[in-house]
Amino acid sequence: MAAPVDSVAPGRPSAPRPGPVPWVAMYHSVGDCSDDPYRITVTPERLGRQLAWLCRRGLRGVSVAELLAARARGEGRGLVGLTFDDGYTDFLTGALPLLRRFRCGATLFVLPGRLGGDNAWDPLGPRKPLLTADGIRRAADGGVEIGSHGLTHVDLTRADDATLTAEVAESRARLTELTGAPVDGFCYPYGTVDARAVEAVRKAGYTYACAIDPGPLTGPHALPRAHVGQNDTALRLHLKLRLHRLRRRPVEGV
Ligand SMILES: [Zn+2]
């Protein structure tokens, strides 16, 4: 008969078993989604229903830093990460009031090289304004974790060495100064990541980084995330969460 899977070899201490990599939801803009070619926008109504669904399931949305810290303590069951990329101004009006209402935390990945600018890197679709320094500080004052999305939204796998260093290290320095707090998290623009980008992010002092589907690079500096959009009803969210638990194996360090 096969030994039970949780048996421990005699004489060896039983280490806490890591669960599957944590589930982290990826959002971008929260507002009007009538013209949205990249499907990066959810309406506040949809976000509210998604957060209500988490609550009903006994789950709570938190920042990625809080999620990883809880898991390092052997806790974190019932927590999911909520991330918002690019730092659109609609975060303050569309997302923050709902996060407060549902007592959720979140991580906002911003672009300190485009303060007060817009999503000029997207060739199609409406221009969406990005937060100013003051807007980012308002989010931080509201309890939101501020992370770096690089300086200007560059695909790091195609960047030369000088650009890679500037995007990763200089964005961290600028955000640390802007918020007056350490910046732990990075988020790869477009979700594109390779071993060189991971190494640059680690060397710059970030403790974690978010990707989308990093495959064999999965680890603390390449966390997978699930896109959550306007079409994600309770049923679809339920399936995404189930699928994640089936697909994502435990990984050392997260
Ligand atoms: Zn982005």
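Me: Are D86 and H153 buried or exposed?

Reply: Happy to start there, with a note that this is a predicted model, where local features need pLDDT of at least 70, side-chain atom pairs count only at pLDDT 80 or more, and totals for chains, interfaces and linings use all residues. Residues are numbered from 1 along each chain as its sequence is written, and side-chain values use heavy atoms, leaving out hydrogens and water. Buried means under 20% relative accessible area, with a 1.4 Å probe and protein chains only. By that cut-off, both D86 and H153 are buried.

Me: Which residues coordinate the zinc ion?

Reply: Donors are N, O and S atoms within 2.8 Å of the metal (3.2 Å for Na, K and Ca), and water is not among the atoms, so sites may look incomplete. Along the chain, the zinc donors follow the spacing D-x62-H-x3-H. At 2.1 to 2.2 Å, the coordinating residues are D86 (OD), H149 (NE2) and H153 (NE2).

Me: Which residues does F91 touch, leaving out those up to four places away in sequence?

Reply: Good one to look up in the structure! Contact here means heavy atoms within 4.5 Å. With sequence neighbours up to four places away left out, F91 touches F84, L96, L99, L108, A139 and V144.

Technical notes. Buried < 20%, exposed > 50% of the residue type's maximum accessible area, 1.4 Å probe, protein only.
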